[in-house]
Amino acid sequence: MNYTISFQERAKLSLEQLSKQSPVTLEMARNQVQKLKAQSKSENKKQRN
């Protein structure tokens, strides 16, 4: 792994990666949040002590 990369180079690479992803609509994001909320309310949730 190249650890000598500058912040500007890292930002450029991440923008390139983001541009390759498909866009997400607000409705898709809301559906994902609802799904995650439903999963987090599972009955088998571990109790913290």
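**Figure 1. Accessible surface of the whole chain in the predicted model.** The chain exposes about 5,600 Å², of which carbon and sulfur atoms supply 55%. In this predicted model, 0% of the 49 residues count as buried. The secondary structure consists of 2 helices and 0 strands.

**Figure 2. Close-up of helix 1, residues 7-20.** Helix 1 comprises 14 residues, and the distance from its first C-alpha to its last is 20 Å. That reach is close to the 20 Å expected at 1.5 Å a residue. Helix 1 is hardly covered, with a count of 0 buried residues among its 14.

**Figure 3. Close-up of Ile 5 and its contacts.** Ile 5 lies in the segment before helix 1. When neighbours within four places in sequence are left aside, Ile 5 is in contact with Arg 10 and Leu 13. Ile 5 counts as partly exposed because its relative accessibility is 23%, whereas a buried residue would have to fall under 20%.

Methods
Residues numbered from 1 in each chain as written. Predicted model: local features only at pLDDT ≥ 70, side-chain atom pairs only at ≥ 80, totals over all residues. Heavy atoms only, no water. Helix = DSSP H or I, 4+ residues; strand = E, 2+ residues; numbered from the N terminus. Buried < 20%, exposed > 50% of the residue type's maximum accessible area, 1.4 Å probe, protein only. Areas by Shrake-Rupley, 256 points an atom, 1.4 Å probe, with all protein chains shown as cover. Expected span 1.5 Å × (residues − 1). Contact = heavy atoms within 4.5 Å.
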